[in-house]
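Trainee: I would like to learn how to read a few features of a protein model, going slowly from one to the next. Could we look at it together?

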Amino acid sequence: MADGQLFNNILLGGRGGTDVDNLSNFMTNTLGVTPEEKQLSISGRNWGEVNLEGNMLTFLVGSKPAFEVSLADVSQTQLQGKNDVVLEFHVDDTTGANEKDSLMELSFHIPNSNTTFAGDEATPPAQIFREKIMSMADVGPSGAEAVALFEDIAILTPRGRYTIELHLSFLRLQGQANDFKIQYSSVVRLFVLPKSPHTLVVITLDPPIRKGQTFYPHIVLQFAMEELAECALSMNEELLNTKYKDKLEPSYKGLSHEVFTQILRGLSAAKVTQPGKFRSSQDGYAVRASLKAEDGILYPLEKSFFFLPKPPTLILHEEIEYLEFERHGTGGASSISSHYFDLIIRLKSEQEHQFRNIQRNEYHNLFNFISSKGLKIMNLGDAHGTSGVAAVLENSDDEAVDPHLERIKSAREGGAGEDSDEEDEDFIAEKDDAGSPTDDSEEEQSDASESEETKEKPAKKEVKKKEAPVAKATGTKRKKKDEEEDGGKKRKLKKKKKDPNAPKRAMPGFMFFSQIERENVKKSNPGIPFTEVAKALGERWKKMSAEEKEPYESRAKADQKRYKDAMAGYKSGPTNIIDSGNESDSE
């Protein structure tokens, strides 16, 4: 109240005709004031002048106001190019929660010839206008001192380097081109996840922040793992000892990510999630994977899966309908020696996330962790549960037996594998590969009838003479890298001796189907990549009925009988052992 008046100005809109006359007479007779009528511009023109007064922005067309907006509702400003300034508005419970439509964004074009916000070559008028808006809308540097300040912090999404101010009720991210003001009420959880040589701190928001047409529900900050920081809070003792008692300390010293997380947790009261019991084959907290052509890491947490850094994807266990393991080249010969597999997560909302290129030696760790959480694992795309996979894991060797191949056998033979230990040792992934996509081979899988000797000789030449083509050399390097990651286990297998006279292993029904239909797939899809042929055949095989599969399964059974008979004769006769050709005999 000033000079006995409650308000200096009252704006009433949306009235016309007799309503204006009746309202004017009421105010004159009752309040003793004569309302002033203000004409608005209704020409529809979008070229005019901007008047900034108080915390209001008024757009004038021909000296008449076209619209007004409150700068208190502006959440951030952006300078796009040299002449465009974009204002973005708060979207929360107080602005538009109960309205069908709300103002989200307003863009102004300020030409270099503008004289109201005159600038120079280094500072164009658009930048002067933005700085004026920032000072009035309080989206720039705050008048109130921040409780804590962290400078030059790397943020992966939205990408850039920002200065982070932690205030009593909000945090502010100030970048070179973007500014974000985030209320602590929007912070729902903090994640602290190691990613050597850094530590990722993820701030999960609801509602998310917005940059252009992109929404960011997760802010991913990156700290150096061993970086130290000191911070003394700018807060009076009374407030610290009352409202923030047992939540904040007067000062902090330690690792930078820990200092930041402790202060933000104390101010926002958000819970912090850290890695749980899962350990990878390298004793880490995550596994490497790809999502939507982006490489990253997948964290299996106690109540969720989190893929980082881009696109940051959080999947709660309670949202999952089932998970499925899928090997590369499903059903084809290349799947036997593939070094990678995919993890498909199907949500109850029918959305799917496919995490690709997970290393084969992570299979056991992921399977055991997922099983311990009681999550449903599909077996080859049907609902038969996990018994077939579990049986394979209990009796298999990571390097000598392919779990996916065994699942195919268990689905066909009722889950009972009849191959002996000697036969398992006879299979070595690197040598029996008929063209795995991970080995960059372009050989056809239909060449399965080629003898083992023919396949082994080129491999010997690659290692000894190093005269193989580039694609083969790449495959050799990948194998060597996988061997180093898996320890000495695989190198020991390569020393084992192999008899070229051993019978050819039996093929499943899918292999017979692939040999017949592969050319048809290629003719129907000219130019289809080699790796996509196996996928297409696998999809067709899954959709076939039992009657349609019967001819191929019959051939598979006959081939299985042939193999068993041949193995019986082979075991009863003398064996001829030859050197593997890779390393000297040490057994």
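Trainee: Against which strands do the buried residues of H2 pack?

Mentor: Keep in mind that this is a predicted model. The buried residues of H2 pack against strand E1 (49–53), strand E2 (56–61), strand E4 (74–80), strand E5 (84–89), strand E6 (105–109) and strand E10 (179–183). The residues of H2 that are buried are Pro 125, Ala 126, Phe 129, Arg 130, Ile 133, Met 134 and Ala 137.

Trainee: What span should the 13 residues of helix H2 have, and how far apart are its end C-alpha atoms?

Mentor: At 1.5 Å a residue, helix H2 (residues 125–137) should span 18 Å, and its end C-alpha atoms are 18 Å apart, so the two values agree.

Trainee: Is Val 147 buried or exposed?

Mentor: Buried means under 20% relative accessible area, and Val 147, which sits in the loop between H2 and strand E7 (148–157), has a relative accessible area of 4%, so Val 147 is buried. Beyond its neighbours within four places in sequence, Val 147 is in contact with Leu 166, His 167, Leu 168, Ala 232, Leu 233, Ser 234 and Met 235.

Trainee: How do the axes of helix H13 and helix H15 cross?

Mentor: The axes of H13 (residues 509–524) and H15 (residues 546–572) come within 7 Å and cross at roughly 120°, and the two helices are therefore oblique to each other. The contact involves Gly 509, Phe 512, Phe 513, Ile 516 and Glu 517 of H13, together with Tyr 552, Glu 553, Arg 555, Ala 556 and Asp 559 of H15; by type, these residues are five nonpolar, one polar and four charged.

Methods:
Residues numbered from 1 in each chain as written. Predicted model: local features only at pLDDT ≥ 70, side-chain atom pairs only at ≥ 80, totals over all residues. Heavy atoms only, no water. Helix = DSSP H or I, 4+ residues; strand = E, 2+ residues; numbered from the N terminus. Expected span 1.5 Å × (residues − 1). Buried < 20%, exposed > 50% of the residue type's maximum accessible area, 1.4 Å probe, protein only. Contact = heavy atoms within 4.5 Å. Axes fitted to C-alpha atoms, helices over the stretch in contact; angles between N-to-C directions. Parallel < 35°, antiparallel > 145°, perpendicular 65-115°, else oblique. Nonpolar A, V, L, I, M, F, W, Y, C, P; charged D, E, K, R; others polar.
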